[in-house]
Structure formats: C-alpha cells, structure tokens
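Please open the model in your viewer and keep the sequence panel beside it. The tour below goes from one selection to the next and says what is found at each stop.

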Amino acid sequence: MFADLHLHTFFSDGTFTPEELVARASQLGFSAIALTDHDTLEGCDRAAAACVAARIEFIAGTELTAEHADIEVHILAYLVDTQNQVLLQRIAGFQAVRQRRIREMVGALNKLGLPLKAEAVFALANCQSPGRPHVARALVKEKLIGSLDEAFDKYLKKGRPAWVPKTKMSAMEAVELIHQAGGLAVMAHPGLNRSDEIIPDLVAAGLDGIECFHTKHSTTMAERYLEFAEKYHLLVTGGSDCHGFSKQKPLIGTVKLPYEHVQKLKDKVAERKR
Ligand code: AMP
Ligand code: ZN
Ligand code: FE
Ligand code: FE
C-alpha cells in the first residue's frame with residue numbers, strides 16, 4: 001500500500017479536476033492521496049467524494065507559502081478540519097492577496113502594451129486561488145503571447161517587468177494556523193528551497209514532519225532528509241507535486257510513499273486529540 005501526499009488540481013495551479021486526479025490515482029493503485037492545492041481547501045470536498053467512490057483514503061490538505069529568515073518555505077497542512085473558521089478566514093485573506101496581485105500584474109502588462117483584462121484571468125482561473133500560471137494561460141488564450149514559457153520568461157518570472165512579489169506569512173504563523181485547525185504541519189520539498197538551516201527553528205515552532213520523498217529530490221537528498229527526520233523526531237512524508245499537464249506530463253505515480261507513514265500521521269493527530 002502506498003500514498004501520494006502532494007497533489008494539485010485546477011483549484012490552484014494544476015490542470016486536473018479533482019475527479020480526473022482521483023481517477024489517475026485509482027489507475028495507479030494508490031491507497032491514499034492528499035490534495036495540497038496552494039492556499040485553498042476549495043477542491044477538498046470534490047476530491048473526498050471522488051475518493052469515496054474509488055475507495056481511496058482521502059487526506060484534506062493545502063500548501064501554504066511562507067517565509068522564515070528571508071527564505072521561502074512551503075508548509076504542507078494535513079488532516080486539517082476543513083470547516084475550521086480561523087483557517088478558512090486566513091486562507092480567504094491569502095486568496096485576496098493573490099487576486100490583488102493578479103490585478104497588479106495585469107496592470108503592469110497593460111502598461112507594457114498588452115491589453116489583457118484581469119477579468120479574463122479570473123474567468124480562466126475559475127478558482128479562489130489564482131496565480132501567475134493563470135496570467136500566462138490567459139496571455140496565450142488571448143493570443144498576446146506564443147507560449148506559457150515565453151510569458152514567464154518575458155514578463156512573469158522574478159525580476160521581469162510584470163512580476164509582482166507576493167507577501168508571505170511567516171512559517172511560524174503557518175505552523176500555528178495548521179495546529180489550531182487540528183492538522184499537521186510538514187515542510188515541503190526542502191531540497192528545492194536551500195532551507196536546511198531553518199529546519200531547527202521550524203522544529204522549535206512545532207513542525208510535525210518533513211517531505212523526504214519528492215519528484216525533484218535525488219536519492220541522496222531523500223536520505224539526507226530522512227536523517228533530519230530521525231534527528232528531530234519528524235514524521236516522514238512524500239508526494240509527486242503533480243500539477244497535471246501544467247509543466248510536463250503528469251507526475252502522479254513518480255513517488256509512492258509507503259502507507260505506514262500515512263498511518264503515523266493519523267496516529268499523531270489522534271494522539272493530540274486525546
Ligand atoms: P505564483 O504562486 O502565482 O507565484 O505562481 C507560482 C507557480 O507558477 C508555480 O507553482 C508554477 O506552477 C508556475 N511557474 C513558475 N515559474 C514558471 C515557469 N518558468 N514556467 C511555467 N510555470 C511556472
Ligand atoms: Zn504549484
Ligand atoms: Fe511547493
Ligand atoms: Fe506543490
């Protein structure tokens with residue numbers, strides 16, 4: 001039995017519907033999956049329903065963008081209460097920031113002579129948690145640019161003229177927010193963020209786990225983070241970070257986390273409730 005605990009849908013920057021994602025997970029033989037769309041829980045109800053039908057265990061989650069000591073760090077939330085009002089309100093705040101940022105990026109594009117409308121981006125995104133990929137897709141759709149890569153390279157990448165920085169919450173706040181919603185806070189893909197030095201601080205703030213297995217982690221990296229997990233008594237997670245057809249072919253299936261790690265997540269949550 002194995003799981004994928006890092007998956008995106010079109011409720012953030014992926015391309016699959018929750019149902020398409022679950023159908024793939026089912027074909028690949030997964031016993032459990034977690035949905036971890038950025039700054040949103042919007043897809044969780046549909047994914048949960050599809051998982052019931054496919055007899056896959058569903059874990060509600062989200063991926064929060066945070067920072068600590070000027071280092072960007074993504075914090076995965078697992079097994080949160082999806083009705084928790086404090087979490088939902090904070091998430092609504094992050095989504096408002098994202099929507100404002102879209103308007104700012106579109107404004108910058110307009111100044112550069114590209115007649116894109118923010119409403120066109122929101123219509124295409126059709127979700128609460130839009131981001132740069134939706135701006136890029138809208139530019140392609142309106143034939144204002146040739147490809148998604150070109151949109152990022154010319155305008156949307158960090159430092160390019162339509163790039164707008166995103167205000168981020170602190171990693172400490174992310175951990176606290178997840179805990180008060182009954183969930184577990186896990187550091188996502190540490191190998192991608194050059195963030196090893198902040199791990200002790202995150203542990204001190206109550207971090208529960210670390211994503212050792214990830215599509216972009218080499219075997220050496222996975223081993224390195226398994227050592228961190230042992231040293232700091234952290235739970236071990238893993239996932240593909242599949243975004244559907246966004247960037248390459250779908251990554252689901254590239255990481256198969258042994259189910260025992262899912263059991264340990266559930267045990268920790270149950271223990272806390274006692
Ligand atoms: P945002 O959260 O709005 O800053 O957007 C970040 C997302 O944009 C990432 O998760 C990727 O899905 C996508 N992205 C970032 N850089 C690129 C790129 N060079 N080409 C295509 N997609 C990208
Ligand atoms: Zn993403
Ligand atoms: Fe991430
Ligand atoms: Fe992700």
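**A buried aspartate to begin with**

Select Asp-241, which counts as buried at 11% relative accessibility, where buried means under 20% relative accessible area, exposed means over 50% and partly exposed lies in between, with a 1.4 Å probe and protein chains only. Asp-241 sits in the loop between strand 8 and strand 9, helices (H or I, at least four residues) and strands (E, at least two) being DSSP runs numbered from the N terminus. Although Asp-241 is not a glycine, its phi is positive, at about 60°.

Before going on, note that this is a predicted model, in which local features need pLDDT of at least 70 and side-chain atom pairs count only at pLDDT 80 or more, while totals for chains, interfaces and linings use all residues. Residues are numbered from 1 along each chain as its sequence is written, chains are lettered from A and ligands numbered from 1 in the order in which they are written, and side-chain values use heavy atoms, with hydrogens and water left out.

**Further along that loop**

Stay in the loop between strand 8 (235-239) and strand 9 (257-258) and select Val-255, which is buried at 8% relative accessibility.

**Another positive phi**

Move to Asp-39, in the loop between strand 2 (32-35) and helix 2; this residue, not a glycine, has a positive phi of about 50° and is buried at 5% relative accessibility. In helix 2 (residues 44-54), select Ala-47, which is buried with a relative accessible area of 4%. Ala-47 and His-189 are separated by 142 residues in sequence and by 23 Å in space, C-alpha to C-alpha.

**The ligand and its shell**

Now centre the view on ligand 1 and show the residues around it, namely Asp-13, Arg-98, Arg-101, Gly-131, Arg-132, Pro-133, Asp-149, Phe-152, Lys-166 and Lys-247, a residue being near a molecule if one of its heavy atoms lies within 4 Å of it. This shell divides into 2 nonpolar, 1 polar and 7 charged residues.

Which atoms lie 2.9 Å, 2.8 Å and 2.7 Å from oxygen atoms of ligand 1? At 2.9 Å there is a polar side-chain atom of Arg-101, at 2.8 Å a polar backbone atom of Arg-132, and at 2.7 Å an N or O atom in the side chain of Lys-166. Of the 510 Å² of accessible area that ligand 1 has on its own, the protein covers 74%, with areas taken from the Shrake-Rupley method and a 1.4 Å probe. Colour helix 3 (85-111), helix 5 (132-141) and helix 6 (148-156), the elements that give two or more residues to the shell around ligand 1.

Within helix 5, select Ala-136, which is buried at 0% relative accessibility. Ala-136 is 15 residues from Ala-151 in sequence, and the two are 5.4 Å apart in space, C-alpha to C-alpha.

End at Asp-208, in the loop between helix 9 (199-204) and strand 7 (209-214), where this residue is buried with a relative accessible area of 1%. A polar atom of the Asp-208 side chain lies 2.8 Å from the backbone nitrogen of Ala-185.

Key. A polar contact is a pair of N or O atoms within 3.5 Å; within protein, one must be able to donate a hydrogen and the other to accept it, and residues adjacent in sequence count only if both atoms are side-chain atoms. Ala, Val, Leu, Ile, Met, Phe, Trp, Tyr, Cys and Pro count as nonpolar, Asp, Glu, Lys and Arg as charged, and the others, Gly among them, as polar.
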